[in-house]
Amino acid sequence: MSDDRRVVVIGSGPAGAMAAYELVRKGIPVTMLETGADIQRGALVRMVGRNLYRHLPPLTKATGFVVTGDPQTYLDYNYALGGFSNQWTAAVPRFCAEDFTAGEQVHEKYRWPVSYSDLAPFYEIAERTMEITADPSDVPNLPAGYCDYQHQVPEDWQSVRRAALKYGQGFTTMPLADGPPFLLLRRGTSFNSYSKLLAGLPAEPAFKLITRAHALRLEWDGHKKKAVAAIYCDRQTMAQNRVSASAFVVACGPLNSPKLLFNSACNDHPNGMGNGAGLLGRYLHDHPREWWAVDVDTPLTSLSPPAYLTRLPHASSDPLLASSWTLGAFGTVGKIKSRFGLKTTYFGVQVFGTMVPEEKYYVGPARDEKDEFGFPALQVHISFDESVLNNVVKAREHLMQLMQDAGYKGTIREIVHTLFPGTAKHYGGAARMHASPKFGVTDGFNRLHEIANVLVVDASCFTTGAEKNPTLTVMALAARSADRLARDLRAM
Amino acid sequence: MELRRREVLATAAAALGVTVVSSIASEVQAPRATAPRVLTTFGLREHSIGPSTPWRPRPKKATPARRRRFEGIA
């Protein structure tokens with residue numbers, strides 16, 4: 001294993017961990033920088049395939065950000081081994097083929113440089129590490145993936161499935177990386193990207209993990225015309241250290257990755273690495289999310305694991321606007337009921353909408369404020385337009401109509417207000433992929449158009465945001481770009 | 001009798017332009033001359049779709065307890 005090919009991966013969340021896992025598996029040595037110190041402690045009691053008790057550790061309250069869009073913008077962050085996989089709900093639906101192509105009809109700038117078929121093998125690589133419970137059949141707008149445990153929605157929900165099919169939608173089990181049926185863990189989630197992907201990697205020199213290492217910037221060599229080192233701050237000593245490598249995989253999250261690139265400004269890249277066209281940080285998008293509780297007039301089997309109602313067909317929807325619905329049981333009692341097929345008239349719904357990524361929503365260096373390391377704080381400018389909010393409101397009405405078509409009268413009992421940016425923790429797009437540098441910061445293999453040895457592999461590379469939970473797609477993209485990087489480095 | 005009382009209450013509330021938040025409104029639809037008022041409670045813009053829009057519950061603040069309960073769905 002040649003140290004000349006060493007790659008620095010920044011961030012141990014699902015994207016960084018997947019990239020490191022693939023690189024090490026393919027013989028490339030990796031040094032990982034992680035700003036957190038350890039996995040966050042939580043608790044998970046999982047029995048008979050249901051998470052009966054889950055205590056999620058609190059998120060790190062983000063500092064070093066300035067909000068200028070919607071004042072209620074959420075900016076939670078997670079500085080821990082495993083990143084956001086310490087808290088996530090572990091929902092892992094694949095994107096469908098049209099999710100990558102639908103934007104092309106709106107504008108060339110929404111054309112993804114990858115297709116579903118490019119990504120399919122890498123979806124499977126990610127899925128095989130995750131111990132997923134799912135229904136292994138394709139449904140409209142949701143291709144089936146690899147799963148270790150199978151679960152079908154209960155029999156009495158089949159009328160809802162048939163009603164959904166009439167609208168061109170699928171109704172199936174939500175694919176969840178929830179692990180085996182019985183678990184007792186001192187962390188909040190079964191799939192933690194550190195535990196599942198990194199902890200088992202061979203030790204140095206193949207894989208070196210540096211914790212409490214907050215990456216500050218990348219160092220540019222004007223002669224070699226490439227990035228040559230990552231500069232990080234040791235959070236214990238507050239000393240700045242340098243680690244050199246042949247390539248750099250940035251996976252600090254959709255806000256901190258562009259920040260790192262802005263901080264890496266140098267003579268050749270005065271506005272930040274990868275920002276020659278002024279697109280870095282632009283096209284920030286997020287999922288509007290809403291929760292509600294629904295009463296139905298006729299009892300239905302309690303849903304645990306939850307069910308997933310897929311989006312309306314692309315052909316009959318407004319371009320790039322869609323919603324998906326997750327229907328599940330409340331609380332431990334609801335989950336126990338589901339095990340015995342007991343019925344309830346009350347279930348919870350989570351809706352994700354989408355927004356059309358626009359240049360006017362962005363992250364960028366704040367003019368006056370500094371972060372704890374003396375770099376400019378990150379200005380976050382995003383809000384949900386009327387069309388985005390209306391789309392979520394329509395989603396309520398659509399589900400009630402669909403339930404009625406299936407023979408159930410549903411009433412929304414309670415709406416929990418979370419309709420502002422950041423509540424879904426699904427930011428994306430600030431270092432977007434596009435085949436052309438005119439519309440994107442990174443190319444089809446997540447490399448900066450301007451600097452081929454710097455890759456951005458987290459959700460900031462999304463060209464558009466489908467209505468599905470993004471983590472699995474992020475991991476598949478990270479695996480694909482790591483595979484390409486490994487091949488390129490071996491050929492050197 | 002009970003239904004009649006509810007009808008009167010809901011109609012009176014609508015006439016006064018008050019947004020009805022009690023559960024009675026889910027059973028009785030008060031006639032509306034205009035689109036429902038736009039709420040700004042907790043910053044949510046509750047969107048009016050038109051006069052025939054059914055009553056919807058007012059959004060509740062996402063307290064930590066509610067958040068946990070709903071996050072447990074998936």
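A strand here is a DSSP run of type E with at least two residues, numbered from the N terminus. By that rule F207(A) belongs to strand β10 of chain A, residues 207–210. The model is predicted, with an ipTM of 0.79 and a pTM of 0.90.

**Chain B: confidence and make-up**

- Chain B has a mean pLDDT of 57, and 24% of its residues reach 70 or more.
- Of the elements in chain B, helix α3 (residues 64–71) has the highest mean pLDDT, at 85, while helix α2 (residues 24–27) has the lowest, at 41.
- The pLDDT is below 50 over residues 19–53 of chain B, yet this stretch has 62 contacts in the model beyond near neighbours in sequence.
- Chain B holds 3 helices and 1 strand, and their order from the N terminus is α-α-β-α.
- Chain B has 74 residues, of which 34% count as buried.
- When contacts in chain B between residues at least 6 apart in sequence are taken, 24% of them join residues at least 24 apart.

**Chain A: the open sheet β11-β12-β13**

- Three strands of chain A form an open sheet in the order β11-β12-β13, and the pairing is antiparallel.
- β11 (213–221) and β13 (240–244) of chain A each have a single partner strand and stand at the edges, so one side of each has no neighbour in the sheet.
- From one strand to the next, the twist averages 30°.
- The antiparallel pairing of β11(A) with strand β12 of chain A (residues 226–234) runs over 8 bridges.
- Within this pairing, the residue opposite H214(A) is C233(A) in β12(A).

**Chain A: strand β20 and its partners**

- Strand β20 of chain A (residues 376–381) runs parallel to strand β5 of chain A (residues 65–67), and 3 bridges join them.
- F65(A) has L378(A) in β20(A) as its bridge partner.
- β20(A) also pairs with strand β19 of chain A (residues 362–370), in the antiparallel sense and over 5 bridges.
- Opposite G364(A) in that pairing is Q379(A) of β20(A).
- The hairpin of β19(A) and β20(A) has 5 residues between the strands, and G374(A) takes a positive phi near 90° there.

**Chain A: the contact of α3 with α9**

- Helix α3 (residues 116–127) and helix α9 (residues 471–491) of chain A pack at about 105°, and their axes are 8 Å apart.
- Because of this angle, α3(A) is roughly perpendicular to α9(A).
- The α3(A) side of the contact consists of D118(A), L119(A), F122(A), Y123(A), A126(A) and E127(A).
- On the α9(A) side, the residues include L472(A), M475(A), A476(A), R480(A) and D483(A).
- Sorted by class, the contact of α3(A) with α9(A) comprises 9 nonpolar, 1 polar and 4 charged residues.

- T418(A) lies in the loop between β21 (410–417) and β22 (454–456) of chain A.
- Its relative accessible area is 1%, so T418(A) is buried, the cut-off being under 20%.
- Residues up to four places away in sequence aside, T418(A) touches R289(A), E290(A), W291(A) and T423(A), together with A62(B) and R67(B).
- T326(A) is part of strand β17 of chain A, residues 323–328, and counts as buried at 2% relative accessibility.
- Beyond its neighbours within four places in sequence, T326(A) has contacts that include M174(A), P306(A), Y308(A), G348(A) and Q350(A).
- From chain B, I73(B) and A74(B) are in contact with T326(A).

- F207(A) is buried, with a relative accessible area of 8%.
- F207(A) and A20(A) are separated by 187 residues in sequence, but their C-alpha atoms are 8.2 Å apart.
- With neighbours within four places in sequence left aside, F207(A) is in contact with A20(A), V24(A), V30(A), M32(A), L198(A), L201(A) and P202(A).

Technical notes:
Residues numbered from 1 in each chain as written. Chains lettered and ligands numbered in written order. Predicted model: local features only at pLDDT ≥ 70, side-chain atom pairs only at ≥ 80, totals over all residues. Heavy atoms only, no water. Pairing = 2+ DSSP bridges. Helix = DSSP H or I, 4+ residues; strand = E, 2+ residues; numbered from the N terminus. Axes fitted to C-alpha atoms, helices over the stretch in contact; angles between N-to-C directions. Parallel < 35°, antiparallel > 145°, perpendicular 65-115°, else oblique. Contact = heavy atoms within 4.5 Å. Nonpolar A, V, L, I, M, F, W, Y, C, P; charged D, E, K, R; others polar. Buried < 20%, exposed > 50% of the residue type's maximum accessible area, 1.4 Å probe, protein only. pLDDT = per-residue confidence, 0-100.
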